[in-house]
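Hi everyone, thanks for making time. I'd like to walk you through one model today, so please have the picture open as I talk.

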Amino acid sequence: MSLHKLNAKIEDRFPKYIYSSQALNDNELYLEADPEHIIELSMYFYEKLSCTLVCLFAADERALSGSFKLYYSFAERQSGSLIILSTSIDQNNSGFLSISKTVHTAARYEQEIHDLFGLIPIGHPELKRLVMHGNWPEGNFPLRRDFSLTHKPGASNLAYGFTEIKGTGVFEIPVGPVHAGIIEPGHFRFSVAGEPIFNLEAQLYYVHKGIEKLSEGKSTEKCFYIAERISGDETIANSLAYCQAIEKIAGINIPERAEYVRVLFAELERLTSHLGDLAGICIDVAYHFAGSQFNMLRGWAYEMATQLCGMRFLRSVNKLGGVRKEFVAGKEKSLLEQLNTMQRELEDTVDIIRHNSMFNDRIENTGVLDTKIAYDLNAVGPAARASGISNDMRKQFPYAAYPKLTFRVPVYAGGDVNSRMKVKIKEAFESISLMRQVIENMPGGKNFEPLEPLGPYKKAFGITESPRGENIHWVMTDETGNIFRYKIRTPSFCNWPALCYAVAGNIVPCFPLINKSFNLSYAGNDL
Amino acid sequence: MVNVEYLIVQIIVVIMAAPLVNGIIKKTKALSQKRKGAPVLQLYYDLFKLFKKSTVVSDTTSWIFKAAPYIVFTASLVASLLVPVTTMIDSVWYAGDLILMVYLFALGRFFMMLAGLDAASTFGGMGSSREAMISSLIEPSILVTLMTVGLTAKSTSSYQIMEFMKGVDAPLIRPVYLLTFIALLIITIAETARIPVDDPSTHLELTMVHEAMLLEYSGRSLALMELGASIKQLTFITLLANIFIPHDQFIFISGAGAVLISILIYLIKVIFVSILIAVAEVSTVKLRLFSIPNLAALAFILSFIGFMQHFVLGR
């Protein structure tokens, strides 16, 4: 369905509600409606058009129009278009109607808006703090534009309010925020009766850095470095999403060679991440032999990254308008050889673990994420694909050189650790195959296209499929062409609630294994 | 009357050799992962360092927390005295038998579980409850296994069993001993918190059993706990090595030289059994917590079949 057909269909259905519609950047349809019609419209998009709410965010546009703006972004996955429903909240009236009761995935976005903008979602089923913890005083809303970046609001001591489960023999296990091992901080509150877990609540945002606030007013080049540093192991996914948004606004097409190089690095990042996850899953069940095999392979992938760009975490590879310099020329033969060796070793290792029945017993039926729940929470990436949802932004919202390459999107229906592991193994092989295709078919030409300064008040989405799933960035420029609002929605934000569901009903010692099979990022969630 | 020579030899050998077992197991595992691994003597260095360090004790703990390391260590050491490393010296066998050994370890474990609960930390209680579950499941298997061997030797004293086994020609080709050997190997793995029951090298508190109870310990207390655990491990390995692979019948000299040779051969057997345990660890994966009863049942059944084979079919 093209954007025009889609627009006509919506206007046909709701002639009075939509008072402005605008098609931008090939696949983004911006619609405006009054706040009181949002619930009805969202229900229509969600239930009738089968669109998923992929992002919901606010922007403080009081200086422009005297109101806050809410953007409900729905993805129409068949045609690869986005429907962005926006509404204005008058600055004197800080409430808006919650859509969480129909579109469940909206709940956390609404909490986020509540914490950062001070807008109150009316009728929200469980309104408590999400981003800001109890030490943040009330009445301070950092993403409002009149909140200065240097302002220090002091301390406060408000209660957080974990969900309590009462009954004989039910008790709580608090874990974290500081964990054993070198991982990021996050607090987990288990409600258990003996070993079985009734409920898990994750309190995150211990490493909230204010990235969205930090990027306000920055030039597009400076903001690139912020985007690159959102999450250490998703450098390419995040910087690519940002670059694509800016390039859309600038209206340029990047050179074909740069498109191929971007795929090469994106797949190298995916391969590295998946190998790390596979190693983690094996080590968590004390299968140290397989764990060190996968870790060794991951080391090889890091080695390959060093040879390509001199940096294991792939920073300063992307650039607005393409890639920074020539990374691949002269290294093709050695890269192909390394990929072949990796593929062989990976095949051998997978063959060994597949025949270990004790290992299979551990991962089968552990941490099942139901398909319905995965759909309702808009679970993304390998976690969704292991629960039978075949979403992959590389296919649905094609970018870079992906449309020119052949690859499959593995889908399993089990929803357990085993399925997630199988998805990651298959994707690792697909990544190796994609990298090989890129190296073999890479065209010559320039590495980047210079960018003209951006126009005022332009907006665009940048979408990538990071190793953890769909990664959605939205950029709006101010009157000088700098960043007015930069909204980042990483896959971890969507998958944390899914993890909490998957854990319920399992026993406590299985939690680390389930957690590892999701491999969620704290930094990528706590923006 | 107590044989002083025996006590001195036994205590020195047990305390000196116990940490070696951990080193050998770790080294074997490291080699299986293409790693160099820590030195074989690493646990000695660790214990030496820990004994010099001061201990931090939580304000909320009672005397049990402070007493537990001494009780655990003493119970392990006394229990190890009941399993002679060599039969070349008369042991203290008349002071106690294998049943006493089992319950001395149980005493240490009881106080370790109390200490895990005492600090009221998140993970200690979890470790204690899991330890209670595993130990109560494994206890019948230990007794049946040891009784089966004991019945063939007509004694529950390990010294007398070892003396008897010296006269049995190639014990491990006889079904009853092969089955009880495997059963005891499984029990050793379960009792000493090794994969597939527990992962001694994990950092994940939520999956821990033995380590979770020790999380609050530091300094000398921790060293005593660690040493106590490795003495217990060595004692079980001694049972395996000296009952099922007897060697003293091949030493035809007597006196101090014979004791020395006997202990050297004993150490080689300990290394062999340690490698066997390491191989079992490398090729298995940690079981689900609620699958551990199956493992205990397996040990029980193996020794019971051994018992039936020897006493019912064997006649």
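I'll go through the domains, the sheets, the helix pairs and then the contact between the chains.

First, some housekeeping. This is a predicted model, in which local features need pLDDT of at least 70 and side-chain atom pairs count only at pLDDT 80 or more, while totals for chains, interfaces and linings use all residues. Residues are numbered from 1 along each chain as its sequence is written, and chains are lettered from A and ligands numbered from 1 in the order in which they are written.

Let's begin with the domains of chain A. The assignment gives domain 1 (3-122) and domain 2 (211-518); such bounds come from an automatic or database domain assignment. Taken over C-alpha atoms, the centres of domain 1 and domain 2 of chain A are separated by 28 Å. Where they touch, 14 residues of domain 1 of chain A are in contact with 17 residues of domain 2 of chain A; contact here says that the C-beta atoms of two residues, placed from the backbone, lie within 7 Å. On the domain 1 side, strand β3 (residues 52-61) of chain A gives the most, with six residues. By class, that side of domain 1 of chain A has six nonpolar, five polar and three charged residues. For the classes, Ala, Val, Leu, Ile, Met, Phe, Trp, Tyr, Cys and Pro count as nonpolar, Asp, Glu, Lys and Arg as charged, and the others, Gly among them, as polar.

Now, the sheet that β3 of chain A belongs to. In chain A, five strands form an open sheet in the order β1-β2-β5-β4-β3, with mixed pairing. A word on terms: helices (H or I, at least four residues) and strands (E, at least two) are DSSP runs, numbered from the N terminus, and two strands pair if DSSP finds at least two bridges between them. β1 (20-24) and β3 of chain A are at the edges with a single partner strand each, so one side of each has no neighbour in the sheet. From one strand to the next, the twist averages 20 degrees.

Let's look at the pairs. β3(A) and strand β4 (residues 67-76) of chain A pair in the antiparallel sense over nine bridges, and A:F57 has A:Y71 in β4(A) as its bridge partner. β4(A) pairs with β5(A) too, over 10 bridges in the antiparallel sense, and there A:Y71 stands opposite A:S86. These strands, β4(A) and β5(A), form a hairpin with four residues between them, and A:G80 in the turn has a positive phi of about 70 degrees. Which way do strand β2 (residues 28-32) and strand β5 (residues 81-90) of chain A run, parallel or antiparallel? They run parallel, joined by five bridges, with A:L31 opposite A:L85 in β5(A). Helix α4 (residues 106-117) of chain A lies across β3 and β4 of chain A, at about 15 degrees to β3(A); axes are lines fitted to C-alpha atoms, for helices over the stretch in contact, and angles run from 0 to 180 degrees between N-to-C directions.

Next, another sheet in chain A. Three strands form an open, antiparallel sheet in the order β13-β14-β15 of chain A. Its edge strands are β13 (459-466) and β15 (483-489) of chain A. Strand β14 (residues 469-477) of chain A is joined to β15(A) by six bridges, and A:W474 stands opposite A:K487 in β15(A). Helix α7 (residues 235-250) of chain A lies across β13 and β14 of chain A, running at about 150 degrees to β13(A).

On to a helix pair. The axes of helix α10 (residues 332-354) and helix α15 (residues 417-441) of chain A come within 10 Å and cross at roughly 165 degrees. α10(A) and α15(A) are therefore roughly antiparallel to each other, the term for angles over 145 degrees. Residues that meet include A:L335 and A:L339 in α10(A), and A:I425 and A:I432 in α15(A). The residues of this contact of α10(A) with α15(A) divide into 11 nonpolar, one polar and two charged.

Finally, the two chains. The contact takes 22 residues from chain A and 23 residues from chain B. Elements giving two or more residues to the chain A side are β8 (171-175), α9 (288-309), α11 (357-363) and α17 (511-518) of chain A. That side of chain A has 15 nonpolar, four polar and three charged residues.

Conventions. Parallel < 35°, antiparallel > 145°, perpendicular 65-115°, else oblique.
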